[in-house]
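Q: I've got a model open and I'd like to learn to read it feature by feature. Can we go through a few together?

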Amino acid sequence: MAGVIKCIFFSEFHHISGPIISHQVPDDLPLLKDAFDAVHDLIITKQALYDRLVSVDALGYRIVGSPRSIENKKYPRNAFIFNFVFVFEVNTDTTLFEPVILKLGAAFKTYELESSFLSQEESRSKLQSILCSVFKDFNRCGCCTIPIDETKSLHLKITPSLPDPPTIQDHHVPIFTCSQEDIDSAPWDLTIQQILPYVNGFNHVKKIAEESEVDNEIVKVCIQHLILYAFVKLITIFQYSNVYTAEPKIKLLLDDKVLQKECIEYVALQGSVPKIGAVFRLYCSLEAGLNVKDLCNRVDMKSEGVNERTFIQYGLMRGLIHHLQKYPVFLRPDDSLPSPLDSIKSYLDGSHCYDELCCKLGISGQELDKSIEDIQSIIVCWK
């Protein structure tokens, strides 16, 4: 954000001089006066562009404002026309600033209507310091609070554009990626507050909906909201029959001290402090053909001070391990299948994993294995 805004100025129509720059921060931007002279008819402009966003390029600058006009006989020529204008380099994407520019112009139009803030000398004298605060604070942190009087303040903030939220499925498992303090201090709405106690990294979305007594689709919207603001990630359902493999990112655990500390605190049994070398070896021992139950039989994880459930949780959350999932494929889709498989026959096309199918049927992975093991027309792919 640093240095994105090159200048902010307040322009108005003077009843004798015409369009002028009354206040400017900083006051020594090269060629700004020439650029203003070249495009002032789009800054202090005609009625058709009032209250709209106007962007124009001139002499290496991108000049963006929103002209405002107030008609009243108390003003010279019966109107007060003004514009708060932001100046950027010509190739700058100004999309994030546009709502701020519109809000700034609209707010000061309201203040002028209410108290003649911009036309009375006493309050107008604050404009230079206001522009200075906006310029410095936005270039520093992307937000600003402007005190208007004893009772009013104007809050401006750049809101980053967010990606489209992921599609949430019944079998997805949300897990918090931030501290309990951050969770408790966030201003959640009532519905999110209702589901929070059931978000524990083990409950899938369908179970969260059932236990919180909130509609399933509403729970999905809440989880999308939590993901967009980086409070949760999605992982897979934990079962002891699951198979995991280490990802290339596992090597970060050898060198990243912050990651090491976080990992140890997360995977430790209560009262234990496992050694990072032991945890690293456990992650590296995960391989195709070895499920969690087999790993626990092979290695006494409790003697290492490691909770196998949070061990898997943390690995998935930080991308250190991958859940090797099973995807059934029915080779004869026109044939019938015994219950309960017949109800999910359309899902047996190799694109739906065991987690999804088990969630739909309300059975475990072992039960699904038993249902399909004797059906030769169903093969299972691992990926």
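Q: Leaving aside neighbours within four places in sequence, which residues is Ile-375 in contact with?
A: Contact here means heavy atoms within 4.5 Å. By that rule, and skipping those sequence neighbours, Ile-375 touches Leu-337, Pro-338 and Leu-341. Before going on: this is a predicted model, where local features need pLDDT of at least 70, side-chain atom pairs count only at pLDDT 80 or more, and totals for chains, interfaces and linings use all residues. Residues are numbered from 1 along each chain as its sequence is written, and side-chain values use heavy atoms, with hydrogens and water left out.

Q: Where is Ile-375 found, and is Ile-375 buried or exposed?
A: Helices (H or I, at least four residues) and strands (E, at least two) are DSSP runs, numbered from the N terminus. Ile-375 lies in the loop between H15 and S14. For burial, the cut-offs are under 20% relative accessible area for buried, over 50% for exposed, and partly exposed in between (1.4 Å probe, protein chains only). With 15% relative accessibility, Ile-375 is buried. Its C-alpha is also 9.2 Å from that of Phe-330, 45 residues away in sequence.

Q: Which residues of helix H15 are buried, and why are they on the same side?
A: An α-helix has 3.6 residues a turn, so residues three or four places apart point the same way. In H15 (residues 365-372), the buried ones are Gly-365, Leu-368 and Ile-372. They share one side of H15 because they cover an arc of only 60° around the axis, taken from the directions from the helix axis to the C-beta atoms. These residues pack against helix H14 (354-361) and strand S14 (378-382).

Q: What about strands: which ones does S4 pair with?
A: Two strands pair if DSSP finds at least two bridges between them. S4 (residues 61-65) pairs antiparallel with S3 (residues 54-58) over five bridges, Ser-55 being partnered with Val-64. Five bridges also join S4 to S6 (residues 79-89), again antiparallel, and there Arg-62 partners Phe-88. Four of the five residues in S4 are buried. In the S3-S4 hairpin, with two residues between the strands, Leu-59 takes a positive phi near 50°.

Q: How many disulfides are there?
A: A disulfide is a pair of cysteine sulfur atoms within 2.5 Å, and the structure has zero. For Cys-7, the closest cysteine sulfur, in Cys-132, is 11 Å away, too far for a bond. Cys-284 is in no disulfide either, with the sulfur of Cys-263 nearest at 11 Å. Cys-7 is buried at 0% relative accessibility, whereas Cys-284 is partly exposed at 40%.
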